[in-house]
Amino acid sequence: MEHIEKPILLTVNEIFNSKEVRPNEYSPLALAFIGDSVFDLVIKSVIVEKANCQVNKLQNKTSKIVRATTQALIVDALKDELSEEEANIYRRGRNAKPYTKAKNASYSEYCKATGLEALVGYLYLKGDTERLIALIKTGLENAEITI
């Protein structure tokens, strides 16, 4: 895996003169909010790199992976890979009470997906981009999901 020289969050904080981020101070749903976008960006980045094609085809490939049912499979395949700290963040996200109902997933799958997104958000805000991408890659591989 190539080394990521400067996490995007550092650049955002520098340019917007933002305060220091302390991911432990965010609610699990706030972590999931940012984690949803980061997970989506990672998946879209891989998909575009592998297949420069029509946007609707890119969107179809992306939506199959970023949906709650697939995220639940990914997190189930990752459980043995998580550190104690990561497992705690995942549990906080999974156990948070969402304000919306799952559209195309069971409540359990939706909660697991929220936990994964909280973990992704936490690692992103922590600046641990390499770990975040490695976990997504491992989860995809362990769940036998091909991009």
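In which helix does Lys61 lie? Lys61 lies in helix H3, which spans residues 55-66.

**View 1. Overall fold of the predicted model.** This is a predicted model, in which local features need pLDDT of at least 70, side-chain atom pairs count only at pLDDT 80 or more, and totals for chains, interfaces and linings use all residues. Residues are numbered from 1 along each chain as its sequence is written, and side-chain values use heavy atoms, with hydrogens and water left out. The protein has 7 helices and 0 strands, in the order α-α-α-α-α-α-α along the sequence; helices (H or I, at least four residues) and strands (E, at least two) are DSSP runs numbered from the N terminus. Its C-alpha atoms fill a box of roughly 40 × 35 × 30 Å along the principal axes, and 37% of the 147 residues count as buried (under 20% relative accessible area, with exposed over 50% and partly exposed in between; 1.4 Å probe, protein chains only).

**View 2. Lys61 and the positive patch.** Lys57, Lys61, Lys64 and Arg67 form a positive surface patch; patch residues have over 30% relative accessible area and no salt bridge, like charges being joined within 9 Å and nonpolar side chains (Val, Leu, Ile, Met, Phe, Trp, Tyr) within 5 Å.

**View 3. Leu10 in helix H1.** Leu10 belongs to helix H1, residues 8-15, and is partly exposed at 43% relative accessibility. The C-alpha atoms of Leu10 and Arg92, which are 82 residues apart along the chain, are separated by 25 Å.

Terms used:
Accessible areas come from the Shrake-Rupley method with a 1.4 Å probe; for residues, only the protein chains shown count as cover. A salt bridge is a side-chain nitrogen of Lys or Arg within 4 Å of a carboxyl oxygen of Asp or Glu. Lys and Arg count as positive and Asp and Glu as negative; His and the chain ends are not counted. The place of a charge is taken as NZ of Lys, CZ of Arg, CG of Asp or CD of Glu.
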